[in-house]
Structures are given as structure tokens and as C-alpha cells.
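Please look over the sequence and the model before reading on.

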Amino acid sequence: MAQNYWSTKKEKLPEPTSLGDSPERMKNLNVALFGALVLCNSALASSVLISDVDSTPKLLETLKITPSQESVDYVNNKKQFQLNGLLTEQRHPKTWNLSYKAQSKPSDALKMLFSVDEDVTKRLLTLGENPQYLEQASRSIKIALKEKKKIYIYGCGATGRLAKQIESSFWRPFWKRLKRTSSWEKIKVVYPDGEDELIGEMTGGDRGLISSIPGFEDLQLMGSLQLQDRGIQRGDVVFAITEGGETSSVIGTILAAAKQYINPLNSQETQSHLYFIYNNPDNVLTPFGRSQSVIQNPEITKIRLFTGPQSVAGSTRMQATTSEMFVMGVILEDALYNSLKGILDERELKDLGFAPRRKIENRLQDFNLIQKAVAEKYKDISQLTVLESQTYKGGHFSTYFAKEGLITVFTDSTERAPTFHLLSLDTVKEPKRKSLIQVWTEAQNKDEAWKNFLGRKFHGLDSKLYEGPFKSEIDDPFLKEASLRGLQDTGDDQQFLYDFSFSEENRKLRGAQKNDLGVLILMPNEITDLFESTSSSYQFLKYFSQRKANIAAILIEGQKNKKGSGKNKKTLPKGRCHSSSNSSSR
């Protein structure tokens, strides 16, 4: 995605609109959910590339835009941040007329969007033919766990949310589940603190989950400081993940980690601890000096996942981030299996969700099953797409409710804002709703909601660590100003500005109105909540139904509960349930 520090001051642009115009199983299901939600968006965008300088004044006049000094500086002086030549920024031939198709037949538009995911399947199958770097990464994680070293996954924007999701949706829930099994007594002897050994971090810290912080992503310094902030040291395993392969903060992370190996024992020591995962061909990245510094560094292991243009041009949260999330999940799943198989027998491993004797190439093949399972539901999903679009056109709002799938739903909701020029999520200070979307979860208050969301305490940035280096080491005046201003919005206090709880207070202040939309997301072991009148899922549907709002559900079904999900439908809350989409996955 394009860098943004140069436009941090308010331009005279149209205002954003608020109305109108286990491990294996969890990984697969969350990827399926991510794909379904990403492609439920009813708003579709097109972009204009200004390549003719002489035509710029006329275009600006037509659009009634007055460029700021930062914008002029970007166009004239920041060639290293102009990314229009990257493969991930190009339009995909399969979705060339996507916006027209979306207006005439939304189901066909969704079918087009889903078809681009076939590029991911092809790339992963090719990767499976030579998975040596993934196998190496898996071994590195296994060793790190045994030696009580950290596993640090860092990204920016969509890949940063990927890192947070891996920690909060995959890693921590898996270890929490382990602790509830009879096998834990054997496991804790070897891995007593496994839950805390993986850190998912993103540019800007936990506050970055809500929206990007102006300037931060364009600072290699930012990645270096966050590495220091998190206490990552030599011997820890670092995965720096960038959609395009040119994000400065991610590059700063891996280069700072590499500097910790001043006198490596051998090249294997560095290569087995440092990983750079990206989604563009090397030849389009090497003209960017910062990318070249990583690509040509023999001490860093590169995992190349270029899948081609995105289904929505430049929206790298789609195929690029999906492929990177899946591959990172495969690496972790394989590492956990190999870490536990020396402690547990096959029956115990199977009870935890591990299929026996599966190799990385087998795990990579699973994406094909997931992609097909989601794609075949395009007609069901289109019902929700149309309903949500009608909701916004009518001047109404939507609320998504999720528990296990919370961070996936949240990621989709926050990513819509920059993609479609929408307002970001409302803070508790807003007297009335402005953002089209809000996300709720099972919690009594905002503190409990954040804990359920992250699986740990909120981690903000301590300005004392960052402010000094920002002032002394950032030369560009626009970037320095933007970064110092953004730093004010990244502390621990930011958690108190957002409330995702399905609480009485939230229902009172930001509750459903007539013709609003409530969307329920259920993972496999949550589907029975539909038929439990005391469950929060049931109560959510009942609440929206009583408020004369529309209700819809996305059910992510596993093979075991697929047959039983239709039972007792007569017990569901009465209301206008317009869409129920079921996606099955192994």
C-alpha cells in the first residue's frame, strides 16, 4: 500500500463518508473467515494514477483539490516511496471491470473476487515443491521454544494485524487450551511459558490495530525501536512480514535484528533466526534501496510469496496478506507438532487437532480446500453484501459480533476505512455514531473486551523511548512532524477510547436502530450458541430483532458439526434474517 506520511496535514479533500454511496484447524478456519469477510465488502473502489505532470493542474482543478506542501514534496522528491510500479499495485485482469459488475450483479462480482484467490493456491503449491526455508523456519521455532527464546512476528498495516492475529487468535488460545488438558502436566515440564514466547507486533503497537499512525510506516527507525522495546535479542527468531517488500518499518526491524549478529558463529546462525517474508518479485523491488539492503543480504532468509496483482488494485490485505498469514500459520503449526510429538502420543496429538505424519507440503495444499469451500458460497455471501450495501445507502449502520473470530472480523472492519475512504471506528467520545461499522464481542466492559480481543493486556508505546530518537534521527521535516504528532496517539491510554463490549452501556449509547444491520460470526464450536437462549450470540440476534433491525449470520463450519448445524432452527429469534453463509473447512 502507498506510503502516507506526506499527506498527514489535512488536505482539502472530500470528507470520508459515514453514510451512503489445533493450530491446523484454527489456522484454516480463520483463513477461511478472513477470506469470506474481506469479500463481503459492498463498496468497491477505483484509483487514478497521475503520470502526466502537465495534466495535474487541470485534474486538481476538476477535483477541487488544493495540494499541501507535503504532497508536493512527495511527488517531487520522494521517488523511493512511489510504488505504482510494484506488481501488487497493478490491476488484476480477472477483476478489470469489477466495479461495473458489482453494480449490475453483485454475486458475479464476488465470484470474480474469489477467483483471484486461485493465484494464492498456485503459489502455495509451487512453494510446496521446495519448502526448505519453511522447514528451516519450523526447526528454528522448535529450538527457540526449547531454549525459551522469543518468536517475534512483525508487520505493518495488514501484515501487522496478521502478526497480532497469529498471537491472539492462534498462539495464545492454543496454549490456553493445552493448559486445560490432562496432557499439560507433561508439557509444562518442557514448555512452562509457551503462551508468552510468541510476540505479534505491528507498526504503532496495539493502537495500530485501529488505524495506521501517520509517518510510522515510513521509518526504519520505528521498526528498530519497537524491536528494542519488545526486548528482542540475539537468539530470538524474527519474522518481518511485508505485503509489498518495501515497507520501511518492517525493513528496519529485520536490519536491526541482523545488527545483533556482529560476530556470527556462521551464516547458519543468522539465516536460521532472521526471516523476511514478502509478496513482490525481487527485480521490481531492488530499485528501492531499502528493499535491496534486505534482498541482497545473505544473512537474512527470504521467503518470496509473490502471487500477482490483488483482486482490488493495491489492496494488499487480500491475496498478499492472506498468503503470508497462511504460510506463517503453516510454519507455526509444523513447529508445534514437532515440538509436542516427542512428549505426546498420536492419540493425544490428534485430540489437539494435529493430523499425524503431515509434512509442510501437505499443509500448504490445504489452502486449495479452504479457497474452494469459501468460493462456492459466493451466492450466499452476495446476499449479505447487498443487504449491507442497502443498509448504508439507507443511512443506517452495521454491527458485527464475534468471539473466537473477533480479531479477524475486526481486521476486516478497520481495513475498510483506508481502502474505501471511510471513517475509522468511533471512539467512546463520539456523541453519536459516524463510522458505518462497529464490532462487538462478549464482554461486560471495554477492559474485558480488550482482554478477550488480545488475550493479554493492551500494549501501548512509551513515548520516552521513541521521542528522543524521533527528534534527533529523523531528517525529513514533514516526516518528523507527522511522527511526533502520531506518537501522542499510541500510549496505553488509547485503549480507553474504544469499547467493543456487548454491554448494556454500549447498547444504550451505540445500540441498534430500526433497519440497522447486525451480523453474527460463529466459529465451529460456537454454532450451538445459536440455540442457547442464554448465550451472548443468541442475545445479540434477539436484541437486533427486537429493535426491528436486520440480522445475518456467517457460520464457519467444520466437518464434524456440518450435519448438525440445521437442528432446532425454529428456536432462533424471530426477525428478518436475510443471510446465513456457511463455509466448511477441514
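## Paired strands

Strand β1 (residues 151-155) pairs with β2 in the parallel sense, over five bridges. Two strands are said to pair if DSSP finds at least two bridges between them. Within this pairing, I151 has L198 of β2 as its bridge partner, and Y152 stands opposite I199 in β2. β1 is also joined to strand β3 (residues 237-241) by five bridges, and these two run parallel. Here I153 stands opposite F239 in β3.

The model is a predicted one: local features need pLDDT of at least 70 and side-chain atom pairs count only at pLDDT 80 or more, while totals for chains, interfaces and linings use all residues. Residues are numbered from 1 along each chain as its sequence is written, and side-chain values use heavy atoms, with hydrogens and water left out.

How covered is β1? Five of the five residues of β1 are buried, so the strand is largely enclosed by the rest of the structure. Buried means under 20% relative accessible area, exposed means over 50%, and partly exposed lies in between (1.4 Å probe, protein chains only). On one side of β1 the buried residues are I151, I153 and G155, and on the other they are Y152 and Y154. Strand β2 (residues 198-202) is mostly covered, with five of its five residues buried. L198, G200 and M202 lie on one side of β2, I199 and E201 on the other, and all are buried.

## The chain as a whole

The chain has 24 helices and 10 strands. Helices (H or I, at least four residues) and strands (E, at least two) are DSSP runs, numbered from the N terminus. The chain has 586 residues, and 59% of them count as buried. Its accessible surface comes to about 25200 Å², of which 50% belongs to carbon and sulfur atoms. Such areas come from the Shrake-Rupley method with a 1.4 Å probe; for residues, only the protein chains shown count as cover.

## Salt bridges

Side chains of opposite charge can pair when their charged atoms come close. A salt bridge is a side-chain nitrogen of Lys or Arg within 4 Å of a carboxyl oxygen of Asp or Glu. By this rule the count comes to 31 salt bridges. The table gives three of them.

| Pair | N to O distance |
|---|---|
| D108 and K105 | 3.9 Å |
| R456 and D206 | 2.9 Å |
| D529 and K403 | 2.7 Å |

In the pair of D108 and K105, D108 counts as partly exposed because its relative accessibility is 23%. K105 is partly exposed as well, at 43%.

R456 forms its salt bridge with D206. This pair links distant parts of the chain, 250 residues apart: R456 is in the loop between α19 and α20 (463-473), and D206 is in the loop between β2 and α9 (220-229). R456 has a relative accessible area of 11% and is therefore buried. D206 is buried, with a value of 0%. R456 and D206 also belong to a network of salt bridges, whose other members include K164, E167 and R172.

D529 forms a salt bridge with K403. D529 lies in the loop between β8 and α23 (536-546) and K403 in the loop between β6 (398-401) and α18, so the pair ties together parts that are 126 residues apart in sequence. D529 is buried, with a relative accessible area of 15%.

## Other local features

K451 is placed in helix α19 (residues 446-454). Its relative accessibility is 47%, so K451 counts as partly exposed. K451 and S168 are 283 residues apart in sequence, and their C-alpha atoms are 9.9 Å apart in space.

Most residues other than glycine have a negative phi. What is the phi of H421? The phi of H421 is near 55 degrees, a positive value in a residue other than glycine. H421 is found in the loop between α18 (406-420) and β7 (437-440), and counts as partly exposed at 40% relative accessibility. N515, also not a glycine, has a positive phi of about 75 degrees. N515 lies in the loop between α22 (504-510) and β8 (517-522), and is partly exposed, with a relative accessible area of 27%.
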